[in-house]
Amino acid sequence: MQVIRIYYISLSGNTTNFLERLDHYLQKELQEKLDYVNVKDLVNNNESLGFEIKEPYFAFLPAYLEGGNGVTTGNTEILTTPLRRLIGFCCKVLNLLSNKVE
């Protein structure tokens with residue numbers, strides 16, 4: 001059974017529920033398994049617990065809007081940019097480490 005790594009965030013639990021159901025479906029129908037990590041769980045008291053990304057992964061990010069109805073008002077996305085920056089930082093670090101001359 002192949003494992004698919006996913007980093008995601010779920011504030012309300014809806015995304016976690018979706019990934020649980022997707023994992024169940026993939027195991028049953030395709031013999032694939034999800035290994036999903038809520039990045040919210042990697043922070044305690046506003047301090048990062050730290051983690052390393054060493055294998056291929058998907059980033060799964062629902063749209064969280066700041067107030068309003070998402071069409072005419074409140075269309076400011078509040079999570080996409082921070083997660084994108086985290087992924088970008090991890091990729092830069094991995095590239096630096098892999099290009100390091102020993």
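## Side-chain pairs and helix packing

The side chains of Asp23 and Lys33 form a salt bridge, at 4.0 Å from N to O. The term denotes a side-chain nitrogen of Lys or Arg within 4 Å of a carboxyl oxygen of Asp or Glu. Asp23 belongs to helix H1 (residues 14-30) and Lys33 to strand E2, so the bridge joins distant parts of the chain, 10 residues apart. Helices (H or I, at least four residues) and strands (E, at least two) are DSSP runs, numbered from the N terminus. Asp23 counts as buried at 8% relative accessibility, whereas Lys33 is partly exposed at 33%. Here buried means under 20% relative accessible area, exposed means over 50%, and partly exposed lies in between (1.4 Å probe, protein chains only).

The model is predicted: local features need pLDDT of at least 70 and side-chain atom pairs count only at pLDDT 80 or more, while totals for chains, interfaces and linings use all residues. Residues are numbered from 1 along each chain as its sequence is written, and side-chain values use heavy atoms, with hydrogens and water left out.

The whole structure contains 3 salt bridges. Arg5 and Asp35 form one of them, with their closest N and O atoms 2.8 Å apart. This pair links distant parts of the chain, since Arg5 is in strand E1 (residues 2-8) and Asp35 is in strand E2 (residues 32-38), 30 residues apart. Arg5 also meets Glu55 in a salt bridge, at 3.0 Å from N to O. Glu55 sits in the loop between strand E4 (47-48) and strand E5 (58-60) and Arg5 in strand E1, so this pair ties together parts that are 50 residues apart in sequence. Side chains of opposite charge can pair when their charged atoms come close.

### Aromatic pairs

The search also finds 3 aromatic pairs. Rings of Phe, Tyr and Trp (its six-membered ring) pair if their centres lie within 6.5 Å; planes under 30 degrees apart count as stacked, over 60 as edge-to-face and the rest as tilted. Tyr7 and Tyr57 are edge-to-face, with 5.6 Å centre to centre and 80° between the planes. Tyr7 lies in strand E1 and Tyr57 in the loop between E4 and E5, so the pair connects parts 50 residues apart in sequence. Phe18 and Phe60 have ring centres 5.6 Å apart and planes at 10°, so this pair is stacked. Phe18 is in helix H1 and Phe60 in strand E5, 42 residues apart.

The relative accessibility of several residues discussed here is listed below.

| Residue | Relative accessible area | Class |
|---|---|---|
| Asp35 | 31% | partly exposed |
| Glu55 | 30% | partly exposed |
| Tyr7 | 6% | buried |
| Tyr57 | 25% | partly exposed |
| Phe18 | 36% | partly exposed |
| Phe60 | 30% | partly exposed |
| Asn38 | 7% | buried |

The 17 residues of H1 should span 24 Å at 1.5 Å a residue, and the end C-alpha atoms are 23 Å apart, which agrees. The expected span is 1.5 Å times one less than the number of residues. Thr15, Thr16, Leu19, Asp23 and Leu26 are buried in H1. Seen down the axis, the buried residues fall within an arc of 95°, so they line one face of the helix; the arc is that of the directions from the helix axis to the C-beta atoms. On the other side of H1, Asn14, Arg21, His24 and Lys28 are exposed. The buried residues pack against E1, E2 and E5. Gln31 follows H1 and has a positive phi, near 55°.

Phe60, in strand E5, touches Ile6, Tyr7, Tyr8, Ile9, Thr15, Phe18 and Leu19, not counting residues up to four places away in sequence. Contact means heavy atoms within 4.5 Å. The C-alpha atoms of Phe60 and Leu19 are separated by 9.4 Å, although the two residues are 41 residues apart along the chain.

### Asn38

Asn38 is found in strand E2. Its side chain reaches the backbone nitrogen of Ser10 at 3.4 Å. Leaving aside neighbours within four places in sequence, Asn38 is in contact with Tyr8, Ile9, Ser10 and Thr16.

Technical notes:
A polar contact is a pair of N or O atoms within 3.5 Å; within protein, one must be able to donate a hydrogen and the other to accept it, and residues adjacent in sequence count only if both atoms are side-chain atoms.
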